[in-house]
Amino acid sequence: MATLFDQVSSDIRTAMKARDKVRLEALRNIKKYFIEAKTAPGANDTLDDAAALKILQKLAKQGEESAATYNGAGRSELADAELAQVAVIKAYLPQPLTEAEVEAQVQAIIAQTGASGMKDMGKVMGQAAQQMAGKADGKAISAIVRRLLA
């Protein structure tokens, strides 16, 4: 099975052949961050998909924040360019879970761990964050865990 790193590398070639400048620029930026992560001290020249997903999420979030800043400054052309790159990045991210799906998974974790109150929040959050990494926002998970444990 191809890793995200391999997939991005392959898609760069496809974008070059198609002369898709926006996609090519976004993919090259992604690959740059992937290579930096692979060559970081202690990485042993490897990048697993979990680490790659974290990088993609960070890049998507940064792009959305930049677009909001550009829109606030009245630079909609820069915001549109940023959002076009974010769309390319998000194509590699898993489909986010709905609030109901997150709640169902949190309830299952609470049942597994036998959590009975706010004192068990850390235990539940640890498992929830691990199981739903990349599929749900940490703040949303935290809010649901708080509500269910209260």
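Author: A crossing of two helices is called right-handed if the near helix is turned clockwise from the far one by less than a right angle, and left-handed if anticlockwise. The model discussed here is predicted.

Reader: In which hand does α2 pass α4?

Author: Helix α2 spans residues 21-38 and helix α4 spans residues 76-90, and the two pack at an angle of about 60 degrees with their axes 9 Å apart. By the definition above, the crossing of α2 with α4 is right-handed.

Reader: Which residues of α4 make the contact with α2?

Author: The residues of this contact divide into seven nonpolar, one polar and two charged. From α2 come V22, R23, E25, A26, L27 and I30. Their partners on α4 are A84, Q85, V88 and I89.

Reader: What span does helix α1 reach from its first C-alpha to its last?

Author: Helix α1 covers residues 4-18, which amounts to 15 residues. At 1.5 Å a residue the expected reach is 21 Å, and the model comes close to this, at 21 Å.

Reader: Why do the buried residues of α1 lie on the same side of the helix?

Author: The buried residues of α1 are L4, F5, V8, S9, D11, I12 and A15. They lie on the same side of α1 because the arc they cover around the axis is only 165 degrees.

Reader: Against which helices do the buried residues of α1 pack, and which exposed residues does the face turned away carry?

Author: The buried residues of α1 pack against α2 and α3, the latter being 49-72. The face of α1 turned away from the buried side carries the exposed residues R13 and K17.

Technical notes. Residues are numbered from 1 along each chain as its sequence is written. This is a predicted model: local features need pLDDT of at least 70, side-chain atom pairs count only at pLDDT 80 or more; totals for chains, interfaces and linings use all residues. Side-chain values use heavy atoms; hydrogens and water are left out. Axes are lines fitted to C-alpha atoms, for helices over the stretch in contact, and angles run from 0 to 180 degrees between N-to-C directions. Helices (H or I, at least four residues) and strands (E, at least two) are DSSP runs, numbered from the N terminus. Contact means heavy atoms within 4.5 Å. Ala, Val, Leu, Ile, Met, Phe, Trp, Tyr, Cys and Pro count as nonpolar, Asp, Glu, Lys and Arg as charged, and the others, Gly among them, as polar. The expected span of a helix is 1.5 Å times one less than its number of residues. Buried means under 20% relative accessible area, exposed over 50%, partly exposed in between (1.4 Å probe, protein chains only). The arc is that of the directions from the helix axis to the C-beta atoms.
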